[in-house]
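Trainee: I have not seen this structure before. Please show me how to read a few of its features.

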Amino acid sequence: MKIGISEKDKSILELIRENKIKVKFTPMMAAVNGKITSLNAKINSGDCVEVFDVRSNVGIASYQEGLVLVYLTAVKNLFGNVLVGINNSLNKGFYTKPDKSIELNEENIERIRMEMDKLIRADFPFKEKRARKDEYIDLLSMYGSGNKAKEKFLENIRMDDSKIAYIKQFRDDEEASDRNCYMLSYMDLPPSTKYVDKFQLMRYKGGLLLRFPYQANPDEIPRLDDEKRIYEAFVENTRWQKIMGIAGVSDLNEKIESGGISEVIQISETFQEKKLVEITKEVRAKKKKIVLIAGPSSSGKTTFAKRLMIHLKTEELDSVYIGTDDYFIDRDDMVVDEKGEKNFEDLEAIDLQLFNDQLKKMIAGKEVDIPRFDFITGKKVFGERVMKVKENQIMVIEGIHGLNPDLIWEVDEKDIFKIYISPIASLSLDLHHRIATSDIRLIRRMVRDFNTRGKSCYDTLSTWYKVRKGEDKNIFPYSNCCDAFFNTFLIYEIPLLKKSAMKILDGIDKESVYAAERERILSMLEKFDDGNYLEEVPRNSIVREFVGGSVFE
């Protein structure tokens, strides 16, 4: 909620403490007149202020930034100048691997936990300062030489003048410069360490999981549902990126500038083709009658399904495509959520009776009239696709609820092959920041909605929270219940989406409730070079589903 302010020469934090700005949960940061800023920012009479907690994208990003810095500082306080990487998001947290010199036994993990608690209880302020590239390199030089990832990052990093953050543990910053822990900062931090007091640190797969509250419930650490398949996808994607010589955004930009992006495109697409071949052969070997494809929004489910059907054809397996979105109940009959809005995210939005009746008939070889859901009228349209499924045809069924056990009622599990797909990226901005998978999907959806569905950026952003909430309930809990996982991320796609996404985001007014989110996404996109190579992208590529020109349109 935006608030008009009549006070002046006071900080946002002071007004919150005086109860002149009311907050429900612990605030993280704010926006003044649409521009993201810290809670310590002074305001003037007439300013429009919006305060963000963990429930917002910018608020959770600020919490994560602060907690990571607490973690890095705790490790440095205990073990000295050892390098610590933040590898990727996983299990509602970050997967992190400290330097091999630190033995990750329970004693050392508990020591890190206790040091983090100590820093949080001390309520040390988070501080920021500007640093040139040479100054930042000097600060990182204390971590020693011999780490190839660090040295490659420093070689390619682009920063003339950037913001670095640290925790003010000592009175004199200059004298303590070699004792502070510094981190590049892309997001305004909370005021102090006590604002990031909820965390869980645990051993996982040779590294550590640093977990934190989730947007749906800011007051507690979410239950751990081990995303084993997601972890495996990250490991595989890291291996693919290593083959291409791309660990981070700076490496990708170098490929674009040097003309090496053509090979990157070809290798990326070939990796996905190779994976499709593996899945196809498994479907054939197991003699499955139904293939279920599920994944979160903007994963590329439709393109993947169509490509899989072509691969099945090469194995002499005929198939038919069925989309569960065509079985939405009519909009007038749809249940509403707590805000009184139509809920397309839950399983109850699907006409399960019709879907299962037709599925049973198709399995029996009987004729059915498959509907097409018209999103303009909000009704199912019949008479356009009357068909029979032949005896040896495989039914390829795609939709967000594909792995939900309540979707299909009367089909033997042994006849079903389940595939979970999602874009999983291990692309780094620097040693401690990664591109979030959810941001990749949001950018994909934004560009596709604008280009092909006539929706504005406001439309996409206004429904995104509801989409994410639905994914937590209806999709992510089933990610491990699959026979195969397919990573739809393409290392070259963000520069390709950048130009369209930035143009769309420019349409958001600075007074909009989405101004802060606009600034956050633009800040990330600006780290990438422009990708002017659409003509080199195959027309059956996953990314074509979002940028246009797909052979499957």
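Trainee: Is Lys 287 buried or exposed?

Mentor: Lys 287 is exposed, with a relative accessible area of 70%; buried means under 20%, exposed over 50% and partly exposed in between, using a 1.4 Å probe and protein chains only. This is a predicted model, in which local features need pLDDT of at least 70, side-chain atom pairs count only at pLDDT 80 or more, and totals for chains, interfaces and linings use all residues. Residues are numbered from 1 along each chain as its sequence is written, and side-chain values use heavy atoms, with hydrogens and water left out.

Trainee: What is the phi of Lys 287?

Mentor: Phi is positive there, about 55°, although Lys 287 is not a glycine. Asn 19, also not a glycine, has a phi near 65°, and Asn 19 is partly exposed at 48% relative accessible area.

Trainee: How are nonpolar side chains arranged?

Mentor: In soluble globular proteins, they tend to be buried together. Here the largest nonpolar core has 64 residues, and Phe 304, Ile 419 and Tyr 492 have the most contacts inside it. Such a core is a set of buried Ala, Val, Leu, Ile, Met, Phe, Trp, Tyr and Cys residues joined through side-chain atoms within 4.5 Å.

Trainee: Which residues does Ile 419 touch?

Mentor: Leaving aside residues up to four places away in sequence, Ile 419 touches, among others, Ile 279, Phe 304, Leu 308 and Leu 403; contact means heavy atoms within 4.5 Å. A second, separate core of 56 residues includes Val 32 and Phe 52.
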